[in-house]
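Hi,

Here is the structure I promised to pass on. Have a look at it first, and then read my notes below.

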Amino acid sequence: MDQSEDQILAEELAALGAVGGGSGRLVRVVAKWLGKNVHEVDLLVPLPFDDAVKRVSGVLGRAGRAVETVPVGSGEDETIRVVAGGGIGGLNPVVVTARVLKADGDNSKVWLRALPKRV
């Protein structure tokens, strides 16, 4: 089941709130109303599609924990999503989504989106 970025961040913040002794339920509700800082970038990388998917998956896998996403299944489009720690001490979760698209034989397009909540 694909979760929205807001749902993922609300759950992550609730888990942090519960660990800190707060009410995870209250933090989850409040988190849904917090603003977002969205950053996006488009890249053209000099790698064939399969190599680009492996490289992006590896980099994001080291940066955070994989989150389930809906597979596209076209063979020319792959989406990878992780939750990484941002901010001071890594205590503000960030959803990072990378979409790798086949451009031509030797190149791939990578769309990156990072979204933390404003806390």
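**What I found**

D77 sits in strand 3, which covers residues 77–86. Keep in mind as you read that this is a predicted model. The relative accessibility of D77 is 8%, and because buried means under 20%, D77 counts as buried. Which residue does the side chain of D77 meet in a polar contact? The partner is R99, with 2.4 Å between the two side chains in that contact.

Now a step back to the overall layout. The protein has three helices and five strands. Starting at the N terminus, the order of the elements is α-α-β-α-β-β-β-β. There are 119 residues in the protein, and 31% of them count as buried. If you take the contacts between residues at least 6 apart in sequence, 57% of them join residues at least 24 apart.

Next up is helix 3, residues 49–63. Helix 3 has 15 residues and spans 21 Å from first C-alpha to last, close to the 21 Å expected at 1.5 Å a residue. Which residues of helix 3 are buried? They are F49, A52, V53, V56 and L60. On the face turned away from the buried side, helix 3 carries the exposed residues D50, K54, R55 and R62.

What covers the buried residues of helix 3? The cover includes strand 1 (39–45), strand 3, strand 4 (92–104) and strand 5 (107–116). Strand 3 is also where you find D77.

Last, the largest pocket. The space in the largest pocket comes to about 160 Å³. Its lining is made up of L43, V45, L47, A52, R55, V56, V59, L60, V110 and L112. Strand 1, helix 3 and strand 5 are the elements that give two or more residues to this lining. Helix 3 provides the largest share, with five residues. A52, V56 and L60 turn up here again: they line the largest pocket and are among the buried residues of helix 3. R55 is in the lining too, although R55 is one of the exposed residues on the other face of helix 3, turned away from the buried side.

Cheers

Technical notes: Residues are numbered from 1 along each chain as its sequence is written. This is a predicted model: local features need pLDDT of at least 70, side-chain atom pairs count only at pLDDT 80 or more; totals for chains, interfaces and linings use all residues. Side-chain values use heavy atoms; hydrogens and water are left out. Helices (H or I, at least four residues) and strands (E, at least two) are DSSP runs, numbered from the N terminus. Buried means under 20% relative accessible area, exposed over 50%, partly exposed in between (1.4 Å probe, protein chains only). A polar contact is a pair of N or O atoms within 3.5 Å; within protein, one must be able to donate a hydrogen and the other to accept it, and residues adjacent in sequence count only if both atoms are side-chain atoms. The expected span of a helix is 1.5 Å times one less than its number of residues. Contact means heavy atoms within 4.5 Å. On a 1 Å grid over the protein atoms alone, a cavity is a set of points where a 1.4 Å probe fits but cannot get out, and a pocket is an open set with protein on both sides within 12 Å along at least five of seven lines; lining residues have an atom within 4 Å of a point. Grid points are joined across faces, edges and corners, and a volume is the space filled by probe spheres set on the points.
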